[in-house]
Amino acid sequence: MALTMPRCLILACGNTLRSDDGIGPWLAEWAEDRFRSEAGLRVLARQQWTPELAEEIAHSESVLFIDCSAESAPGLVAIIEIQPSAPTPGLATHHLGAPELLTLARELYDSLPRNALLLTVGAGSIELGEEFSEPVLDAIPRACSLLEHTILQSLRGQD
Amino acid sequence: MSQTITIDPVTRLEGHGKITIQLNGQGEVEDAHFHVTQVRGFERFSQGRPFYEMPSLMARICGICPVSHLIASAKACEAIMSVRIPHTAAQLRRILNLAQMVQSHALSFFYLASPDLLLGMESDPAARNVFGVVAAKPELGRAGVALRRFGQHIIELLANKRIHPGWVVPGGVTEPLAAAKRDEILAMLPEAYANIGLALAAYKQIASTFKPEIEVFANFPSLYMSLINEDESIEFTDGALRMIDAQGNILDDGITAGKFSESIGEAVENYSYTKFAYYKPLGYPQGSYRVGPLARLNIVKSMGTPKAEDELAEFKQLAQGPVESSFYYHHARLVEILYGIEKIEQILSDPLILDKHVRAIAGVNRLEGAGQAEAPRGTLMHNYKVDENGLITWANLVIATGQNNNAMNNGVLQAARHYVKDGKFTEGVLNRVEAVIRAFDPCLSCSSHAFGQMPLVLSLLSPDGEVLDQVIR
C-alpha cells in the first residue's frame with residue numbers, strides 16, 4: 001500500500017476506558033484538532049501499538065509516540081528520544097513498545113524516521129473510568145504545550 | 001509420586017489460558033487440560049438493554065473478531081425484527097467479514113504461529129517471536145504485516161473504525177459504499193495476492209519438515225461443523241450449518257440459527273470457564289466436534305473462487321476423508337486468506353455494491369431471535385430473547401473456542417503423552433504442547449488487555465502443591 005510520507009507522525013496509545021491510560025488518545029485528538037489544516041501531520045491513536053504500525057513509522061520523516069507511564073510520578077510530563085531496541089520477551093505479538101516498533105520499521109522496511117520521540121504522562125490511576133486523575137488533569141496544559149512545541153519543530157524540520 | 005506440570009499463561013494466544021499436565025508416579029502423562037481462566041459475563045450484563053444496542057455491545061467481546069460478533073448479533077436482532085436485509089447490505093457485510101478473516105488469519109499465521117514454523121519448535125525462545133521471523137525471513141514478515149493492514153484497512157474504509165466498528169446495525173448497515181472506497185480496495189488487491197502467494201509457497205516448503213508434529217497435534221477422528229451454501233461452497237456470513245462425521249458423511253444439514261440449540265448442547269467442566277459444545281444426538285463428549293478453517297475445508301465441496309478452488313483440491317489430497325491433524329489449521333487458514341481476497345474482488349465487481357438502499361427498518365415482531373456467522377476461528381451463534389419493549393431478557397452466545405474446547409483438550413493430552421517421557425520435559429517439548437493450542441488459534445478474550453508483560457511460568461508441583469521445579473521465560 002502506497003503511503004504519503006508525513007513530516008510528523010503521532011502515534012498515541014491507550015485505552016480511554018481506563019482513566020489515565022486514555023491520556024495518549026486524548027492528546028492525539030487535541031493535536032489533530034490544533035493542527036487540523038496541517039497536511040504534514042498524521043495522527044493515529046490505538047489501544048495498542050501493533051507490528052503493522054512499523055510501515056507507518058518507516059514512511060514518516062519524524063515520529064512522536066505518546067503514552068501514559070506507569071513508572072513515572074503521577075502527572076509528570078516527559079519527553080525522551082527513542083532508539084530501536086531488541087524485543088522484550090513476552091511482547092512481540094499483540095502490542096509493542098516504541099523502541100521495538102522502530103526496530104521492526106528498520107528490519108522490515110530498511111527505513112527509520114530521522115527523529116523519534118516518546119512523550120509520556122505519569123499515570124495516577126488506570127482503574128476503569130473515563131475521567132483523568134487530578135495529577136493528570138493538572139498536567140494537561142504542560143503536555144499540550146510540549147506537544148505543540150514538538151510538532152511545530154518537526155513540521156519545520158528543526159527537530 | 002504424581003506431579004503436575006503447569007504452563008501458565010500459554011503465550012501467543014488471543015487471551016489468557018493455562019495448561020496443566022498431570023503425571024503419575026511413573027512419570028507418565030495421566031491427564032492434561034487446557035484451562036480458560038477468564039470470566040466475561042456479556043450474556044448476563046446485556047440483560048435489560050434494548051436489542052438494537054446488542055451488535056455494538058457484543059462487538060466489545062473481542063478486539064480481533066468484533067465483526068463476527070457484530071454480524072451474528074445483527075442477524076439475531078433481524079430475526080427479532082423479522083426482516084430480510086437489502087442485498088447490497090448483505091454483500092457489504094460479507095466483505096467486512098472476509099476482511100476481518102484475512103487480518104485475523106494473518107495475525108494467527110504470521111505473528112503467532114510462524115515463529116514455531118519458520119524458526120523451529122526447539123529454537124531459542126527469546127527469538128521465537130515476530131522479530132525472529134523478520135530477521136530470518138523479512139519478506140514473509142512484510143507479507144504478514146501487509147495482509148494484516150489489508151484486512152484492517154478494508155474494515156476501516158467500510159466501517160470507519162478498524163476495531164469495534166458500529167457500521168453493522170440491525171437491518172443492514174448505516175451507510176452505502178462510496179465508489180472511491182471501492183476503487184481503493186480494488187487497488188490493494190494485487191499486493192494482497194502476491195503476499196498470500198508468498199505465504200502459501202513458504203508454508204508448503206516447511207510443512208513437510210513437521211511430520212512428527214502433524215502426527216500428534218490433535219490428530220484424531222472427530223465431527224466437524226461449519227456454515228455452507230446450498231451449492232456446497234464455503235460461506236462465512238449466511239448459509240446454514242452442516243455437521244459431518246469422522247468419515248465425512250453428512251450427519252446433519254441445513255441447521256439454521258433458529259434451530260442451533262436443537263442440535264448443539266453445551267457441557268461444563270470444572271477446570272475451565274469456557275463451555276464444551278457437543279452435537280446433541282451423540283451426547284457429551286462423544287458429540288464433540290471441531291470448527292474453524294480445518295472444519296470448513298473438510299466440509300465444503302468448493303470454494304467458489306478459482307485460485308482458492310485449486311488450493312482446496314490440493315488440501316483435500318492430504319487425506320482420503322477429512323484431514324484430521326489440527327496442524328493443518330495453519331494450511332487451511334492460508335487457503336481461506338486467498339479465498340477472502342478473491343471473494344472480495346468478486347463482490348466489488350458487481351455494480352450493485354454501490355446501491356444506496358442498505359438498511360431495512362422494523363421494530364419488535366418476535367420475542368426471540370438467533371443469528372450465526374463464521375468467525376475466523378469457527379462458527380459463532382448469538383441467541384436473544386426480548387420482552388415486548390425490545391429489552392433483552394436472556395442471551396446466549398456459543399463461540400468457536402467453546403466448540404473446539406474438547407478437541408483442544410484431547411490434543412494437549414495427545415501431544416503431552418507423546419513428548420513428555422519419564423516425567424522429563426524440555427522447553428521445546430512444552431512449546432510443542434502450547435503449539436497444539438495455537439494451531440486452533442483460540443480467542444479467549446481480547447477485550448481486557450494486559451497492562452505490562454505476561455511471563456510464561458512452568459511449574460512442577462507435588463500432590464500437596466509444593467513447587468518442585470519452575471521455569472520462567
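Helices (H or I, at least four residues) and strands (E, at least two) are DSSP runs, numbered from the N terminus. This is a predicted model: local features need pLDDT of at least 70, side-chain atom pairs count only at pLDDT 80 or more, and totals for chains, interfaces and linings use all residues. Residues are numbered from 1 along each chain as its sequence is written, while chains are lettered from A and ligands numbered from 1 in the order in which they are written.

**Stop 1: chain A, whole**

Select chain A. It has 4 helices and 5 strands. Along the sequence they follow the pattern β-α-β-α-β-β-α-β-α. The radius of gyration of chain A is 15 Å, close to the 15 Å that the globule rule gives for 159 residues, so chain A is as compact as a globular protein of that length. That radius is taken over C-alpha atoms, and the globule rule is 2.2 Å times the number of residues to the power 0.38. The C-alpha trace of chain A spans about 40 × 40 × 25 Å along its principal axes.

Colour by burial next. A residue is buried if 20 or more other C-beta atoms lie within 10 Å of its own, exposed if 12 or fewer, and partly exposed in between; the C-beta atoms are placed from the backbone. Buried residues make up 46% of the 159 residues in chain A.

Now turn to contacts. Two residues are in contact if their C-beta atoms, placed from the backbone, lie within 7 Å. Among contacts in chain A between residues at least 6 apart in sequence, 75% join residues at least 24 apart.

**Stop 2: the sheet of chain A**

Show the strands of chain A. They form an open sheet of 5 strands in the order 2-1-3-5-4, with mixed pairing. Strand 2 (41-46) and strand 4 (77-81) of chain A are the edge strands, each pairing on one side only. From one strand to the next the twist averages 20°. Two strands pair if DSSP finds at least two bridges between them. For angles, axes are lines fitted to C-alpha atoms, for helices over the stretch in contact, and the values run from 0 to 180 degrees between N-to-C directions.

Zoom in on strand 3 (residues 62-69) and strand 5 (residues 115-122) of chain A. They pair in the parallel sense over 8 bridges. A:Ser62 stands opposite A:Asn115 in strand 5 of chain A.

**Stop 3: A:Leu27**

Select A:Leu27, in helix 1 (residues 23-34) of chain A. With 26 other C-beta atoms within 10 Å, A:Leu27 is buried. Leaving aside neighbours within four places in sequence, A:Leu27 is in contact with A:Ala12, A:Ile66, A:Ala143 and A:Leu147. Draw a C-alpha to C-alpha distance from A:Leu27 to A:Leu147: the two are 8.1 Å apart in space and 120 residues apart in sequence.

**Stop 4: the two domains of chain B**

Switch to chain B. Colour domain 1 (3-40 + 405-472) and domain 2 (42-361 + 396-403) separately. These bounds come from an automatic or database domain assignment. In domain 1 of chain B, 33 residues are in contact with 36 residues of domain 2 of chain B. On the domain 1 side, the elements giving two or more residues are strand 3 (29-36), helix 14 (405-419) and helix 15 (427-440) of chain B. By class, that side has 13 nonpolar, 13 polar and 7 charged residues. Here Ala, Val, Leu, Ile, Met, Phe, Trp, Tyr, Cys and Pro count as nonpolar, Asp, Glu, Lys and Arg as charged, and the others, Gly among them, as polar.

**Stop 5: the sheet and hairpin of chain B**

Strand 12 and strand 13 (residues 378-386) of chain B are joined by 8 bridges. B:Glu374 has B:Thr379 as its bridge partner in strand 13 of chain B.

Move to strand 7 (residues 240-244) and strand 8 (residues 250-255) of chain B, paired antiparallel over 3 bridges. In this hairpin, with 5 residues between the strands, B:Gly248 takes a positive phi near 95°.

**Stop 6**

Select B:Tyr284 and B:Pro285. A cis peptide bond joins them, with omega about 5°.

Which is buried and which exposed, B:Ser82 or B:Asp441? B:Ser82 has 12 C-beta neighbours inside 10 Å and counts as exposed. B:Asp441 has 28 and counts as buried. Phi is positive in both: near 60° for B:Ser82 and about 50° for B:Asp441.
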